[in-house]
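This report is intended for a reader who is new to the structure shown below. It treats strands and sheets, then helix packing and the nonpolar cores.

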Amino acid sequence: MAFVKNIFDKNFIEYSSYVIRSRAIPDLEDGLKPVQRRIMHTLFSIDDGRFQKVATVAGRVMAYHPHGNASIEGAIVVLANREVFISRQGNYGNILTGAGAAASRYIECRVHPVAKKFLYNPHITNYVPSYDSRGKEPVTFRAKLPVLLLGGAEGIAVGMSTKILPYNLKEVIDAEIKALKGEDFEIYPDAMTGGLIDVTNYNDGNGKIVSRAKLDLSDEKKIVITELPLETTSQEIRDSIDAAYKAGKLKIASVDDYTTDKCNIEVKLPRGVYAKDIEKALYAYTACEKSISCSMLVIKDNMPVVMTATQVIKYYAKNLTKIIKDELEWERDSLTEKLHMRTLERIFVEERIYKKIETMKTAEEVNNAVVKGFVPFKKELIHDITEEDIKHLLEIPIRRISLFDINKNRDEVAAINAQLKEIAKKLKHLTECAVDYLNSVVDEIKKYTVLDPEKDQDCINPKILERQTTITTFAAVDVKTVVKRDIPLRYDDKGYLGIKVPGGREILRVTPYDRILIVRKTGIWGVCDVAEKLFVDQGMYYCNYAEKEIINKVLFTIIYRDPKTRHCYIKRCKIEAWIMNRDYNFAPDGMEVLHVDTREKFTFTLHYTKKPRVTKLTENFKAQDFLEKGLKALGTRIESKEVDSVEVEPLPDVSAGE
């Protein structure tokens, strides 16, 4: 058994590790899940400036992501709807209405130029073999922007999940600039659907956020929903309003959805109902308000870690300077190598070193002749001559040697030296370079926000740079304060109580959220939720709302008898606290309850047992003459005579009165 258990434990750990790192949770380095990263890698590698069918792209992605085309095509649509990753052509659905994209064979895509600017840097990206070793894919892209925050993320793994709301692109870039400068900043979610958000309980990427639709109440007979809550569609809003109406929670005449590129849902009201009357009900009963629990769980250094939005931006700000440094150093090395080649070519031609190889008969002699020819000019070289350098020189065509332009070579060398000088300067001011880069990204995006979407498919919605979601605070709508008590609670002769008891007598008007106090004639009482049908016995004395401000005012009078001595006791008390769905007894255990009353003043008569020395068989008492006691206290003995019965005039009826 131990061997089998070890096998299961090992396999489960491997499976959960795979799901967490390679499927569901985004990587902090580039903010992408594996399928998204492989899509972008494929688009970068096949980019020729032209659109390609999404079905074709999905097929190519499967060379790196062998999990079926459906998930890949869905991820392409999601990335395309984020505007800055993929340029799209065709019907990609509508994020406002919830309409889905057309089939993958009908829509086309290509990588967006802006994505290349902040995501694509192949010279400094670490690549590994694909699953079948036929190609190479990036471990992670070296992203210059916090991609993790730009589009948000959601994923469920084994034992953990992530929920990251989207943030505004311009605000993210501004925050990254402030982080580079060491300034404080605050950042909150934003979505193209607009709406209102309350961030009171939102802990910088974790915690709960409450989002509401924006309502236009200018017309008192009509409510227009102009903006949607986060992660909500107009279809969801309309369906939830219909459901609330059918459940009797909303009074409306009709609901019409005219949403296209802007949200426009009209809720028309019936006669006698006004906009202000159902505003809170819309938030309470429909998708016009929703609470979203967030957890910014990411993969950092190959391990799942919960971070805050501030930590993410500071990480990217610090990482941006490293990326720029690596890019500058790669460019410097590339230019240095280019300078070395230009110097070799100039000396090779200008000093006629190529003439010295004409008499050589073997390849070894040719190579040695080239090396010896450069010995006098060793100080002018960037580094020692390599076999690759010799190969390059020997492959120079005779035509190029004969037409060699020394002045052009010197101009190229001067230009390279100027570039190297500029790179050296930038390497000393990496923070300033990072800030300039981020500003250039904003300028690049602005360039695509003024284009005509009919003529240029790289066009970006200009709203992407503007905050769409309004940050505010609002008191949560308590459903119990909005719902009306209009459901009859009935009690029948068989002893059943509930809102679905046929026939019977109406006791109260309740809501599904009410709690009720039930007192039986046996002296047993308890508090429970309103039920559809509940057996409470045929002897129910009292029923009312279980609200302390109501119950605490009711004075209960209980007259009970000891079965052994047949002596009668009276107890007057109030109910101050209780536990739900638990039975309590006003009288001590074993006692026989003769009467329960809720009047403060009333008269009752005791009928004594006939005995030789008992001359008075009845005696009248006033309940108000007895003191009020605690709920757990014993009753007061009325008389030391055996009692046959108690008569109270008039007897109280089953009612809900206080």
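Tyr-496 has Phe-535 of strand S24 as its bridge partner. This pairing belongs to a predicted model. Strand S20, covering residues 496-498, pairs with S24 in the antiparallel sense over two bridges. Both strands take part in an open sheet of four strands, whose order is S21-S19-S20-S24 and whose pairing is antiparallel. The edges of this sheet are strand S21 (505-510) and strand S24 (534-535), each of which pairs on one side only.

Another open sheet is formed by four strands in the order S25-S22-S23-S28, again with antiparallel pairing. Here the edge strands are S25 (540-545) and S28 (584-585), and each of them pairs on one side only. Strand S22 (residues 515-520) runs antiparallel to S25 and is joined to S25 by five bridges. Within this pair, Arg-520 has Met-540 of S25 as its bridge partner.

Strand S27 (residues 568-573) has six of its six residues buried, so it is largely enclosed by the rest of the structure. Cys-568, Ile-570 and Arg-572 point one way from S27, while Tyr-569, Lys-571 and Cys-573 point the other way; all are buried. S27 is joined by six bridges to strand S26 (residues 556-561), and the two run antiparallel. The hairpin of S26 and S27 has six residues between the strands, and Arg-566 there takes a positive phi near 60°. S27 is also joined by three bridges to strand S32 (residues 636-639), again running antiparallel.

| Residue | Bridge partner | Strand of the partner |
|---|---|---|
| Tyr-496 | Phe-535 | S24 |
| Arg-520 | Met-540 | S25 |
| Arg-561 | Cys-568 | S27 |
| Tyr-569 | Arg-637 | S32 |

One further strand, S15 (residues 289-294), contains Glu-289. This residue has a relative accessible area of 16%, and because buried means under 20%, Glu-289 counts as buried. Glu-289 and Arg-82 lie 207 residues apart along the chain, and their C-alpha atoms are separated by 24 Å.

Attention now turns to the helices. Helix H2 (residues 34-46) packs against helix H3 (residues 54-61) at an angle of about 105°, and their axes are 9 Å apart. The two helices are therefore roughly perpendicular to each other. On the side of H2, the contact is made by Arg-38, Ile-39, Thr-42, Leu-43 and Ile-46, and on the side of H3 by Val-57, Arg-60 and Val-61. By type, the residues of this contact divide into five nonpolar, one polar and two charged.

Ile-39 of this helix contact is also among the residues with the most contacts inside the largest nonpolar core, which has 87 residues. Which residues are in contact with Leu-119, leaving aside its neighbours within four places in sequence? They are Leu-32, Met-40, Phe-44, Phe-85, Phe-141, Arg-142, Ala-143 and Val-147. A second, separate core of 34 residues includes Leu-489, Ile-507, Val-519 and Val-596.

How values were computed
Residues are numbered from 1 along each chain as its sequence is written. This is a predicted model: local features need pLDDT of at least 70, side-chain atom pairs count only at pLDDT 80 or more; totals for chains, interfaces and linings use all residues. Side-chain values use heavy atoms; hydrogens and water are left out. Axes are lines fitted to C-alpha atoms, for helices over the stretch in contact, and angles run from 0 to 180 degrees between N-to-C directions. Angles under 35 degrees count as roughly parallel, over 145 as roughly antiparallel, 65 to 115 as roughly perpendicular and the rest as oblique. Contact means heavy atoms within 4.5 Å. Ala, Val, Leu, Ile, Met, Phe, Trp, Tyr, Cys and Pro count as nonpolar, Asp, Glu, Lys and Arg as charged, and the others, Gly among them, as polar. A nonpolar core is a set of buried Ala, Val, Leu, Ile, Met, Phe, Trp, Tyr and Cys residues joined through side-chain atoms within 4.5 Å. Buried means under 20% relative accessible area, exposed over 50%, partly exposed in between (1.4 Å probe, protein chains only). Two strands pair if DSSP finds at least two bridges between them.
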